[in-house]
Amino acid sequence: MNRILKIFRMFLMICGKFLIFIFIILYSGIIYADAGNSGMAFLKIPSSARSAATMTVFSQMSGTPSSLFENPVGIQTYHPYFTFSHNVWFADVSGEVLALSLPSKKGAFACGLHFVRIPGVEVRDKPSSDPLSTIEAQYLTATVGYSYNIFKKLTFGGAVKYLYESLYTENGRGAALDAGIQWVAPSSLDISILLQNFGFVSALYEKETALPLIFQIGIVRPEIFVEGPLSASVGLNLGSNLTTGESKAQVGAEIGIKRILSIRGGFEHIGSINRSSIGFGLKVKRFQLDYALLFMPEGLGYPYLITLTYRPGK
């Protein structure tokens with residue numbers, strides 16, 4: 001009985017410290033936020049096809065290295081993984097993600113790169129129908145993270161990001177921190193709290209840029225059906241961009257067939273914008289192929305993502 005009380009007190013102490021940490025960061029973020037504008041929008045682009053197809057609701061428990069860019073708690077794994085993603089966004093924006101995760105005794109380590117390019121940016125020195133030239137804007141995130149099992153049902157994850165942007169003759173650099181905590185609650189509910197993009201970036205063309213500081217709560221009910229050939233999972237994210245004041249709600253679902261084929265769908269509401277997504281995943285031995293198609297607001301097209309994941313070893 002004394003041992004149970006001791007563990008419970010330790011749990012309350014850890015949760016209390018984490019909430020104090022979150023409060024301090026949120027308060028600091030509100031102070032430096034730039035009255036409703038945020039830059040580095042590429043940080044909000046999904047890093048994998050599975051997360052895009054389900055609006056990132058399963059990132060907190062995916063067990064793949066791509067979660068490093070969305071919720072570092074989700075990199076927790078018992079096997080090493082290597083993943084590569086290619087995305088084609090709207091307006092010819094495209095990008096790649098390359099990431100690796102390795103298990104440790106009580107956690108997992110991950111590192112990765114997220115590169116985004118925006119071609120066809122027109123350069124003018126005065127109002128004109130003919131640009132002087134066109135250039136390509138480039139953005140890069142280099143991230144390392146670690147996920148650690150505090151207790152059997154409580155996990156903490158953190159990630160540090162180096163940010164780089166290049167536009168014409170100017171370069172911007174910065175750094176940011178992501179931190180999350182995950183609790184496997186009774187009834188197998190998976191609950192997480194996430195703070196994302198707390199950091200800074202240098203001015204570009206003498207214009208200050210505020211990062212999109214995100215606070216999010218996620219709830220997932222994994223594997224509703226555990227017997228038979230079918231399994232299903234559903235999830236919900238509720239969050240807010242503390243820099244712009246926009247709130248968001250995301251829902252996603254996944255149906256697995258014999259642990260080989262997965263069918264996915266999602267819906268997202270951010271501010272006054274809605275978008276939806278569909279996708280699938282196919283697992284063959286140590287390889288997994290995922291695809292996602294997004295339905296954007298009118299005029300923005302249909303972005304898609306393709307992800308290939310490999311698990312070395314037997």
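## Lining of the second largest pocket

By class, 23 nonpolar, 17 polar and 10 charged residues line the second largest pocket. Nonpolar here covers Ala, Val, Leu, Ile, Met, Phe, Trp, Tyr, Cys and Pro; charged covers Asp, Glu, Lys and Arg; the others, Gly among them, are polar. This is a predicted model: local features need pLDDT of at least 70 and side-chain atom pairs pLDDT 80 or more, while totals for chains, interfaces and linings use all residues. Residues are numbered from 1 along each chain as its sequence is written, and side-chain values use heavy atoms, without hydrogens and water.

The volume of this pocket is about 1,200 Å³. Of its 50 lining residues, M40, A41, F42, K44 and I45 are the closest to the centre. Strands β3 (107-123), β7 (190-201), β8 (214-221), β9 (230-241), β10 (247-257), β11 and β12 each give two or more residues to the lining. (A pocket is an open set of points on a 1 Å grid over the protein atoms alone, where a 1.4 Å probe fits, with protein on both sides within 12 Å along at least five of seven lines; lining residues have an atom within 4 Å of a point. Points join across faces, edges and corners, and the volume is the space filled by probe spheres set on them.)

β11 (residues 261-270) pairs with β12 (residues 273-284) in the antiparallel sense, over 10 bridges. Strands are DSSP E runs of at least two residues, helices H or I runs of at least four, numbered from the N terminus; pairing takes at least two DSSP bridges. The hairpin has 2 residues between its strands, and G271 in the turn has a positive phi of about 60°.

β12 also pairs with β13 (residues 287-295), again antiparallel, over 9 bridges. Here too 2 residues lie between the strands, and K285 takes a positive phi near 55°. S276 of β12 is the bridge partner of F267, and F295 in β13 is the bridge partner of S276.

## Nonpolar cores

The largest nonpolar core has 20 residues, of which M40, F42 and L211 touch the most other members. α2 (49-53), β4 (133-151) and β13 each give two or more. The largest share, 3 residues, comes from α2. A core joins buried Ala, Val, Leu, Ile, Met, Phe, Trp, Tyr and Cys residues through side-chain atoms within 4.5 Å; buried means under 20% relative accessible area, exposed over 50%, partly exposed in between (1.4 Å probe, protein chains only).

A second, separate core of 7 residues includes L68, I75, A99 and A110.
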